[in-house]
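Visitor: I have a structure to look at with you, and I'd like to ask about it piece by piece. Could you take me through it?

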Amino acid sequence: MKRTRDCDTGLSRRAFLATGTAGAMASVVGCLGDSESSSTPSVTYRHRYQRSGLDAAPNDAGVELGLWEDEGIDVEFVTSNGSQQAVKSVAQGNDAFGNAEISAVMRQMQEDSSIRIIGQVIDPMAGVVSTAEAGIDSWTDMEGKTVAQYPFGATGPLAMAALRKAGGDPDAVEIRNMQPGSEEALLMEGEADAAVTYFPQAVARLENNGYETNVLILSEILENLGVALITQQSMLDDQPETVNSFVRGWLQAHKRFATDLDGVIDVYRDKVPQFDEDLARETVGPIYASRVPDPELGREKGKGWTPADQLETTLSVFQDAGLLEETLPTEDYYTNEYIEQNQELAIETAEAYYEQLENNYDVGPNYV
């Protein structure tokens, strides 16, 4: 459901309903004749996947709880079937904003540099997951093993790049393609020794079935960035106030995810087909850890900041993995302008996650 404002008097739909029809109509009638000057920017925000687990929860809650509306912008949150689709939709002007794996963003920018990164959403959550029985305790232990990976996307090539960086030989690994959702069954049935996948849910499912697990987190060795918040360059040039309002609402939505998890889940629960809430709650620690940078950076710059050195490392990693043929100058990929304009809120948002991780979870902010 997309939230809208009733008029420029500041009378939101929530206020209209709370005040009552008779008491509110005078204000509404007074602004109907001035619709052009009272219009609130309305945009779509394209998510990289369908709803699953808690990944999309902050965005749905941000819309339904009116957090973007409070910043003077109407946002419709919509899903897609992969990062490439989300990036192309933004590049083609079908959506004002989107989020996508940074590899897909960079590949699109090789063809069309109209896309710009305006914030970091989450750190990479991909890892090589195995049961303890497989004996994969280090990267080089993958040699001689059967490793399942998706036949699309960046995770498989990145896993081999990580193995190579750790001194191992990717040619000594037997690769098996898998479809999303099959990874735990392949591991439990012994059809693969390990799987390259989004690891929080995979680990939770395996451990709930009585298996001890090992995880090799790709970003620990590659130091690459993960999912990016994107828009078109034309939005930055022509509608900077809209971009700023969007970023503020985005930060507010992520802050609420940290400070009111139960409230966010209440909003989100009915939006996800076959939502396994217990499983989702088991993954909150790693998810929170992925939402913020290292505290030294987060407490200075805040959530969403894109570090130039890590972006340069990411570009190098993707070239080494064969995911990019060439690169643009680093400054062409991103701007931190809008996180910097809202630095106090960005730092507050980061601090909310650090506090939750310190007090309530057994992983820290540097876990991923």
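Visitor: Are Phe-97 and Phe-246 buried or exposed?

Guide: Phe-97 is buried, and so is Phe-246, where buried means under 20% relative accessible area, exposed means over 50% and partly exposed lies in between, with a 1.4 Å probe and protein chains only. This is a predicted model, in which local features need pLDDT of at least 70 and side-chain atom pairs count only at pLDDT 80 or more, while totals for chains, interfaces and linings use all residues. Residues are numbered from 1 along each chain as its sequence is written, and side-chain values use heavy atoms, with hydrogens and water left out.

Visitor: OK, and how many aromatic pairs are there?

Guide: The count comes to 11 aromatic pairs, taking rings of Phe, Tyr and Trp (its six-membered ring) as paired if their centres lie within 6.5 Å, and calling planes under 30 degrees apart stacked, over 60 edge-to-face and the rest tilted. Phe-97 and Phe-246 form a stacked pair, at 3.8 Å centre to centre and with 0 degrees between the planes. That pair links distant parts of the chain, since Phe-97 lies in strand E3 and Phe-246 in helix H12, 149 residues apart; helices (H or I, at least four residues) and strands (E, at least two) are DSSP runs, numbered from the N terminus.

Visitor: Why is the pair of Tyr-150 and Phe-152 stacked?

Guide: Their ring centres are 5.6 Å apart and their planes are at 5 degrees, so the pair of Tyr-150 and Phe-152 is stacked. Tyr-150 counts as buried because its relative accessibility is 14%, whereas Phe-152, at 43%, counts as partly exposed.

Visitor: Which residues do ring pairs link into a cluster?

Guide: Tyr-45, Trp-68, Phe-77, Phe-97 and Phe-246 are linked into a cluster by ring pairs.

Visitor: Switching to the largest nonpolar core, which residues touch the most other members?

Guide: Of its 65 residues, those are Tyr-45, Leu-54, Phe-97, Phe-246, Trp-250 and Phe-257, a nonpolar core being a set of buried Ala, Val, Leu, Ile, Met, Phe, Trp, Tyr and Cys residues joined through side-chain atoms within 4.5 Å. Apart from that core lies another, of 44 residues, among them Ile-117, Trp-139, Ala-154 and Val-317.

Visitor: And what does Leu-54 touch?

Guide: Not counting residues up to four places away in sequence, Leu-54 touches Phe-257, Ile-265, Tyr-268, Phe-275, Ala-280, Val-284, Ile-287 and Arg-291, with contact meaning heavy atoms within 4.5 Å.

Visitor: At what angle do H4 and H13 pack?

Guide: Helix H4 (residues 57–64) and helix H13 (residues 261–268) pack at about 85 degrees, with their axes 9 Å apart. The contact is made by Ala-57, Pro-58, Asp-60, Ala-61 and Glu-64 of H4 together with Val-264, Val-267 and Tyr-268 of H13. Axes here are lines fitted to C-alpha atoms, for helices over the stretch in contact, and angles run from 0 to 180 degrees between N-to-C directions.

Visitor: Last one: where does Met-160 lie?

Guide: Met-160 lies in helix H7 (residues 155–165), and at 11% relative accessibility Met-160 counts as buried. Leaving aside neighbours within four places in sequence, Met-160 is in contact with Met-142, Pro-170, Val-173 and Ile-175.
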